[in-house]
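Please study the sequence and the model shown below before reading on.

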Amino acid sequence: GASDRRYADADADVATPTAVPDERRDLAYRLQMARLQNRATTDIGLLVLRIGALMLLPHGIHKAMGYAGFRNAVASNGFGALAPEIFSFLVVAGQIALPILLLIGLFTRLSGLLMAVMMGFIAVVFVVPTSGLIDARTGGLSAESALLYAVLGLALFFTGGGRSSLDHAIGSGRRERRAVKHSERVDPVA
């Protein structure tokens, strides 16, 4: 049948079907699968980043334990006074849930993006207006720790969680189907 054939020029004037070697299809499939997978050292690095996000968890637990005081601190900020209950809840929930999701590698890209937005927002809206841009004691940025969490979140947003994540385990069948589909594009008639 035509499913395993491509047209090649057998004579100078007549195009006749010719079979595409299986090894070419297999090579295209293997190349696509290799592109979709990371090297082991990359996965270790992504796991280290995901574990590093756990350092945010005690901040969230501390705020949850003293929620009334944290809510009052948020309300005393010019921007936070607009909706102190909402901002307080979102920060506490984000600082507890997002590090856990990142650790297990579930919804890694979304969690990383939310962490980056939350921590960038905290740096710009809450830390810098009260402490200034530069910390006089250290000479560093006053919002340095918040910005480091934001950068960590952005890195995981762009890379994903790696092979040691639940995202990878859940999505492995989808990746394989995508690779098969790509290999069929290399051999569209097959």
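This is a predicted model: local features need pLDDT of at least 70, side-chain atom pairs count only at pLDDT 80 or more; totals for chains, interfaces and linings use all residues.

Residues are numbered from 1 along each chain as its sequence is written, and side-chain values use heavy atoms, with hydrogens and water left out.

Helices here are DSSP runs (H or I, at least four residues) numbered from the N terminus. Their axes are lines fitted to C-alpha atoms over the stretch in contact, and angles run from 0 to 180 degrees between N-to-C directions.

| Helix pair | Angle between axes | Axis separation |
|---|---|---|
| α2 and α7 | roughly 140 degrees | within 10 Å |
| α5 and α6 | about 140 degrees | 10 Å |
| α4 and α5 | about 125 degrees | 9 Å |

Angles under 35 degrees count as roughly parallel, over 145 as roughly antiparallel, 65 to 115 as roughly perpendicular and the rest as oblique. Helices α5 and α6 are therefore oblique to each other, and their crossing is left-handed, a term used if the near helix is turned anticlockwise from the far one by less than a right angle (right-handed if clockwise). Residues of α5 in this contact include Phe87, Leu90 and Val91, and those of α6 include Met115, Met118 and Met119. By class, the contact of α5 with α6 has 13 nonpolar, five polar and no charged residues. In this count Ala, Val, Leu, Ile, Met, Phe, Trp, Tyr, Cys and Pro are nonpolar, Asp, Glu, Lys and Arg are charged, and the others, Gly among them, are polar.

The crossing of α4 and α5 is right-handed. Among the residues that make this contact are Tyr67 and Phe70 of α4, with Phe87 and Val91 of α5. Nine nonpolar, one polar and two charged residues take part in the contact of α4 with α5.

Between α2 and α7 the crossing is left-handed. Here Leu46, Leu49, Arg50 and Gly52 of α2 meet Tyr149, Leu152, Ala155, Leu156 and Thr159 of α7.

Which residues have the most contacts inside the largest nonpolar core? They are Leu56, Met115, Met118 and Met119, in a core of 23 residues. Such a core is a set of buried Ala, Val, Leu, Ile, Met, Phe, Trp, Tyr and Cys residues joined through side-chain atoms within 4.5 Å, where buried means under 20% relative accessible area (1.4 Å probe, protein chains only). Helix α6 gives the most to this core, with seven residues.

Definitions and conventions: Helices (H or I, at least four residues) and strands (E, at least two) are DSSP runs, numbered from the N terminus. Contact means heavy atoms within 4.5 Å. Buried means under 20% relative accessible area, exposed over 50%, partly exposed in between (1.4 Å probe, protein chains only).
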